[in-house]
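The sequence and the structure come first.

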Amino acid sequence: MGLALDHCLFPSPLVIGKAVHSLSRIGDELYVEPTEDGLSLRAVNSSRSAYACFLFAPLFFQLYEEGSLDPDGETFRCKVLMKSFLGVFRSLPSLEKMVEKCLISLNPRASRLVVQLHCKYGVTKTHNLSFQECELLQAVFDKELCANTLRAPARVLVDAVVHFPVTLAEVTLGVSPAGKVSFRNYLDEETEPSRTMVTELCLSEDEFQDVQVQQQSHVTFCLKEFRGILSFAESSNLPLNIHFDSPGRPAIFTLSDPLLEVHLVLATLSDPNSSSQVHSTTLQARPANGAFPTATPDDDFTGDDIDSYMIAMESTCEEGLGLPSSPTFPQRHPHPGAALESQSSAMESDLEGAVPGTPPQKKFRSLFFGSVLTPSQAGTHPGPSQDVLAEDSEGES
Amino acid sequence: MRFRAKIVDVACLNHFTRVINTIAKLAKTCTLRLTVDKLYFILTDKVANGGVSMWCELNQGNFFDEFQMEGVAAEHNEIYLELTPENLSRALKTAQNAKTVKIKLTNKHCPCVTVAVELPSLSSSSRIVTHDIPVGVIPRRLWNDFREPSVPDFDVSIYLPVLKTMKSVVERMKNLSNCIVLEANLNGEMNLKIETDLVSVTTHFKGLGNPPWVSEDGSQNSTQDRDPESMAEARIDIRKLLQLLAGQQVNPTKALCNIVSKRIVHFILLHEEVSLQYFIPALA
């Protein structure tokens with residue numbers, strides 16, 4: 001397979017630098033592919049539950065020379081160690097101050113991807129990065145198929161997630177047709193609900209530029225990757241679109257601009273509980289991580305009477321009496337909580353789709369079956385937005 | 001049993017947050033006692049804490065615009081809760097520009113202290129963040145465990161040096177040894193000493209002053225008979241001392257310690273609206 005020669009020269013290396021920083025939150029390898037639509041930079045995480053693509057249009061560049069296709073009609077694509085590429089763009093402040101132009105080109109003889117930073121005072125820094133040729137990395141998703149869409153300035157979302165600790169792994173986004181949007185920290189099955197703080201933020205519809213909710217739903221996804229795209233969105237002042245559907249189906253985050261299109265696709269936790277059912281027991285006002293609707297700011301404290309709990313506790317002197325554990329999802333074994341038995345059986349989550357790996361990724365279904373397409377498909381591959389399904393295709397149309 | 005309180009003033013919120021941050025640095029879990037007038041953060045001297053104990057008292061009126069408390073029963077109009085102050089600290093951290101902060105006792109999936117923060121937003125309705133912090137309700141029969149500790153019969157009482165200075169001295173000493181000797185006399189002199197096989201380091205403070213204690217019957221304290229030059233000393237765990245010094249976010253109005261030779265050191269830090277007592281036992 002021959003190599004396509006390609007040059008691109010662009011005056012705003014800062015944007016590329018920020019993109020690489022965002023991508024570094026996702027995976028260890030940066031996939032570089034110059035196409036006639038532009039230069040795409042992509043990354044995927046090891047459990048294939050997060051994928052991001054930054055597509056820079058040819059007009060973004062001062063000079064964009066896509067090399068000739070090889071005899072097979074395949075465009076050149078390669079992957080570089082994220083660490084190496086990030087190393088070139090590591091310091092964003094110095095990138096902004098010192099670097100005037102950046103040139104990315106391919107040196108086929110030395111098999112190196114060359115990134116050259118033309119800095120002030122006549123200094124040129126040349127980085128020769130080794131690359132590996134690779135298969136096409138393409139997640140399969142279609143935002144048009146998502147029932148719910150939100151659009152908000154990045155600032156609003158940044159301010160929303162600031163209330164969650166930096167170490168929080170997953171967050172649950174919920175919407176209701178009434179226009180309430182909420183974020184809540186997700187408690188996985190290993191955390192004990194009676195020991196962990198639950199934080200929830202409610203935003204009203206007015207804070208969003210667009211809210212289209214077909215049905216009440218909530219999805220849980222990884223916060224780390226989400227924060228990565230948020231910081232890019234904030235620094236580039238672009239509104240963020242969030243497309244999502246029911247739990248288990250991927251959530252798609254997009255930013256767009258005439259010169260740049262960004263997609264982040266995150267797998268969401270599947271929830272065997274129907275999201276619209278709320279079964280409250282006598283002593284349980286609201287199950288942790290149970291269904292939404294989320295709490296409204298209740299000024300009258302009517303739901304808060306702790307006396308019934310106290311009565312139960314004092315009359316029997318037994319700790320934790322009558323407080324069945326709330327359903328969290330997905331559980332690995334049925335919980336003894338009597339009042340919730342009807343739900344417990346349904347909660348035996350089938351995790352067969354889960355990809356083994358370190359938590360939390362192991363609970364997320366893989367975004368797509370493999371990333372290798374046959375050469376014939378690759379040739380007709382139109383671009384980032386695809387139709388058809390994302391995860392396990394069993395039972396899906 | 002009901003509790004709800006509201007803070008509206010930004011300065012009060014800030015101050016309250018700083019108190020909570022200090023408590024969070026001193027104890028992983030502690031007891032919160034609520035009465036009609038006050039809040040208390042209490043840590044009892046269990047082995048798990050390394051024998052240290054803490055008693056921190058705030059007047060609710062200095063912080064809250066609204067404060068309603070109904071205890072477990074009319075004749076026991078108090079509430080005792082076990083909580084992790086770090087959670088409270090985290091909840092308040094991003095609330096500093098809030099319009100209002102409400103704290104209330106609720107029963108979600110378990111008893112919780114719910115912090116509801118109303119934040120300003122660009123839209124017509126405010127943003128609401130709620131934090132449900134699980135707490136344990138301590139039953140009445142255990143309340144006796146949490147009584148206010150009495151001031152020990154000390155040998156020497158002395159004002160502490162500037163806490164920042166004391167902290168930087170102790171911080172450096174921590175690298176050399178696990179225990180520190182704190183000694184002081186009635187002449188306003190205090191020494192902090194560490195001694196290892198290789199090195200011993202002593203820092204001397206002079207002119208600190210000794211607080212005048214008057215015993216309850218009005219007579220002067222028996223320490224008057226003590227030789228003013230004679231040092232009372234206690235060897236304590238340096239990390240506990242550092243925890244106390246490092247946790248202080250605001251300079252106290254008054255800071256002093258009472259030393260019971262070879263037994264215990266009792267620290268008292270007074271701010272305008274908060275008093276904090278901390279006991280560090282002497283090591284064998």
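## Basis

This is a predicted model, in which local features need pLDDT of at least 70, side-chain atom pairs count only at pLDDT 80 or more, and totals for chains, interfaces and linings use all residues. Residues are numbered from 1 along each chain as its sequence is written, chains are lettered from A and ligands numbered from 1 in the order in which they are written, and side-chain values use heavy atoms, leaving out hydrogens and water.

## Helix H1 of chain B

Helix H1 of chain B covers residues 10-26. Helices (H or I, at least four residues) and strands (E, at least two) are DSSP runs, numbered from the N terminus. The 17 residues of H1(B) reach 25 Å from the first C-alpha to the last, close to the 24 Å expected at 1.5 Å a residue; the expected span is 1.5 Å times one less than the number of residues.

Twelve of the 17 residues are buried, so H1(B) is largely enclosed by the rest of the structure. Buried means under 20% relative accessible area, exposed over 50%, and partly exposed in between (1.4 Å probe, protein chains only). The buried residues include B:Phe16, B:Ile20 and B:Ile23. At the start of H1(B), a side-chain oxygen of B:Asp9 comes to within 3.1 Å of the backbone nitrogen of B:Ala11.

## Salt bridges

Over all chains the count is 17 salt bridges, each a side-chain nitrogen of Lys or Arg within 4 Å of a carboxyl oxygen of Asp or Glu. One of them joins B:Arg127 and A:Glu207 (2.9 Å, N to O). This pair crosses between chains, from strand S9 (residues 127-134) of chain B to the loop between strands S13 (198-204) and S14 (210-212) of chain A. B:Arg127 is buried at 7% relative accessibility, and A:Glu207 is buried at 6%.

In chain B, B:Arg239 pairs with B:Asp237, with the closest N and O atoms 3.2 Å apart. B:Arg239 is partly exposed at 47%, whereas B:Asp237 is buried at 15%. Elsewhere, salt bridges that share partners join A:Arg155, A:Asp159, A:Glu207, A:Glu234 and B:Arg127 into one network.

## Cysteines

The count of disulfides over all chains is zero, a disulfide being a pair of cysteine sulfur atoms within 2.5 Å. The sulfur of A:Cys78 lies 6.4 Å from the closest cysteine sulfur, in A:Cys134, which is too far for a bond. A:Cys78 is buried, with a relative accessible area of 0%.

Definitions and conventions:
Polar contact = N/O pair within 3.5 Å; in protein donor to acceptor, adjacent residues only side chain to side chain.
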